[in-house]
Amino acid sequence: MPIPSKDNFLASLRRQPDARPTLFEPFIHKELAEQLIWRRGPQLWDTPAHYVDTMVSLRERTQADVVILDARSYCMRSLFEMLYAAETLTPSTSACVVLCRTQDQVAECMHSPVVCAIGGYEDTHPYIMPFIRMDKTAEDALSEGADGWFAPSDAETHFAQYGAALSICGGLGADTVTAMEPLAIHRRAQALFDVTHSQGYLIGSGGVIAESAYLSLISLLGIYIRCH
């Protein structure tokens, strides 16, 4: 199994020529996540530490370079617990991308040695570390000086228009991926890798693949793992 590499994740986000394919699929449905890690039950999600353990296991099963943690629903005390668990459980060659809704959350994450990038909503911005704008528009992300933008669809169009200055994260379209045959998913992903060379494109659906679409998710992960 390939060793996770936060350096490769950051190389792709920063549009560096030595980047390999990297995955950005932050919203895998809980039921699908449990299928992937071969464990089930509310105990996987009931505390910040259990949540981190689950997401670290999910990173391993998807062979992603980084662990993606969603801090938006956590109070500050729970965020401290989440970051402490992340420091303990995240592999040394990997790191965490934390999704934040408030500037207080961002500030706390920036103090953590395990956080390599912030995914920001609303008016959040870390300013001095890699940043992915998770909402708004590509133009907003560019004006903020973000490294990347979470695209809900149309990855190819957005990359052609903005890829020289802004990394496109996701963008396959969750509904589109759900409706596609496995071979079509493979062909589209391969074409994106061929065009982007993973410099400024981080593969992902750009949304939440339906709970019923396990085969679609497996197909997307399969082409990523093959090329990674």
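Colleague: What should I know about the model before we start?
Modeller: It is predicted; local features need pLDDT of at least 70, side-chain atom pairs count only at pLDDT 80 or more, and totals for chains, interfaces and linings use all residues. Residues are numbered from 1 along each chain as its sequence is written, and side-chain values use heavy atoms, with hydrogens and water left out.

Colleague: At what angle do α7 and α9 pack?
Modeller: About 5°, with their axes 11 Å apart. Helix α7 is residues 155–162 and helix α9 is residues 182–196. Axes are lines fitted to C-alpha atoms, for helices over the stretch in contact, and angles run from 0 to 180 degrees between N-to-C directions. Helices are DSSP runs (H or I, at least four residues) and strands are too (E, at least two), numbered from the N terminus.

Colleague: Roughly parallel or roughly antiparallel?
Modeller: α7 and α9 are roughly parallel. That term covers angles under 35 degrees; over 145 is roughly antiparallel, 65 to 115 roughly perpendicular, and the rest oblique.

Colleague: Which residues meet there?
Modeller: Ala155, Glu156 and Phe159 in α7 meet Arg188, Leu192, Val195 and Thr196 in α9. Contact means heavy atoms within 4.5 Å.

Colleague: Which residues of α9 are buried?
Modeller: Ile185, Arg188, Ala189, Leu192, Phe193 and Thr196. Buried means under 20% relative accessible area, exposed over 50%, partly exposed in between (1.4 Å probe, protein chains only).

Colleague: Where do they sit, seen down the axis of α9?
Modeller: The buried residues fall within an arc of 135°, so they line one face of the helix. The arc is that of the directions from the helix axis to the C-beta atoms. Turned away from that buried side are the exposed Leu183, Arg187 and Val195.

Colleague: What covers the buried residues of α9?
Modeller: The cover includes α7, α8 (174–179), β7 (201–202) and α10 (214–227).

Colleague: And what follows α9?
Modeller: His197, with a positive phi near 55°.

Colleague: Switching to α2. Which residues are buried there?
Modeller: In α2 (residues 30–37), Leu32, Ala33, Glu34, Leu36 and Ile37 are buried. Their cover includes α3 (48–62) and α10. Just after α2, Trp38 takes a positive phi of about 60°.

Colleague: Last one. Is Gln105 buried or exposed?
Modeller: Gln105 counts as buried, at 3% relative accessibility. Its place is in helix α5 (residues 103–110).

Colleague: What does Gln105 touch?
Modeller: Ala71, Arg72, Tyr74, Met76, Leu79 and Cys100, not counting residues up to four places away in sequence.
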